Amino acid sequence: KATYSDAEMKSQKDFGERSDRLSDLHGDESTLERDIEGLKNHLDDLRNALDNLREKDKKAKEDFAKEEQDFLDRLANLQATKGELENSLAEQKATNSDAEMKSQKDCGERSNRISDINGKIGELNTNIENLKLQYDSLKLKTEEEEKNFEEKIQ
């Protein structure tokens with residue numbers, strides 16, 4: 001009976017230990033499931049952030065293309081205006097030559113007009129150069145933003 005009693009006590013002790021270990025394992029399993037769920041949520045957040053970055057990059061590229069086209073259109077308009085003014089200047093110079101023979105007064109007025117046209121051409125040349133500089137600056141900035149975006153993605 002004593003041996004049976006000792007064996008029964010040992011069996012109950014072993015059962016208690018196994019029961020405790022089983023409870024610990026269930027607790028560990030619950031913790032792991034919560035950790036896995038948290039990691040899935042974090043992965044979803046990262047995917048959403050990446051999608052947002054891609055959308056912003058797409059928008060930035062579209063905005064840059066639009067601004068680039070605006071600059072090119074403005075540049076073309078300024079160059080066309082410059083051409084018209086140069087033609088007008090040539091006409092004024094030809095007229096001025098004929099007018100010199102007619103009168104000094106007419107010549108002075110035409111000279112002033114030529115100076116005005118030359119001034120406008122100078123302003124247009126300055127505007128064209130400024131637009132080219134702005135365009136180059138915008139292009140460099142966009143290239144840098146694209147490089148930064150690609151680094152963020154990587």
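Trainee: Does Leu46 count as buried, partly exposed or exposed, and what is its relative accessibility?

Mentor: Happy to walk you through it. This is a predicted model, in which local features need pLDDT of at least 70 and side-chain atom pairs count only at pLDDT 80 or more, while totals for chains, interfaces and linings use all residues. Residues are numbered from 1 along each chain as its sequence is written, and side-chain values use heavy atoms, with hydrogens and water left out.

Leu46 counts as partly exposed because its relative accessibility is 47%; buried means under 20% relative accessible area, exposed means over 50%, and partly exposed lies in between (1.4 Å probe, protein chains only). Leu46 belongs to helix α1, which covers residues 2-102. Helices here are DSSP runs of H or I with at least four residues, strands are E runs of at least two, and both are numbered from the N terminus.

Asp57 is buried, since its relative accessible area is 14%. Leaving out residues up to four places away in sequence, Asp57 touches Glu146 and Phe149, where contact means heavy atoms within 4.5 Å.

Now for the other helix. Lys147 is found in helix α2, and Lys147 is exposed because its relative accessible area is 52%. Between the C-alpha atoms of Lys147 and Asp98 there are 61 Å, with 49 residues separating the two along the chain.

Next comes the nonpolar core, a set of buried Ala, Val, Leu, Ile, Met, Phe, Trp, Tyr and Cys residues joined through side-chain atoms within 4.5 Å. The largest one has 14 residues, and Phe71, Leu78, Leu85, Leu89, Ile117 and Ile121 touch the most other members. Two or more residues of this core come from each of α1 and α2 (104-153), with α2 giving the most, eight residues. Leu78 touches Leu124, Asn127, Ile128 and Leu131, again leaving out residues up to four places away in sequence.

Finally, step back to the whole chain. Its secondary structure comes to two helices and zero strands. The C-alpha atoms fill a box of roughly 150 × 20 × 15 Å along the principal axes. The chain's radius of gyration is 41 Å, whereas a compact globule of 154 residues would have one near 15 Å; this radius is taken over C-alpha atoms, and the globule rule is 2.2 Å times the number of residues to the power 0.38. Of the 154 residues, 14% count as buried. Among contacts between residues at least 6 apart in sequence, 76% join residues at least 24 apart.
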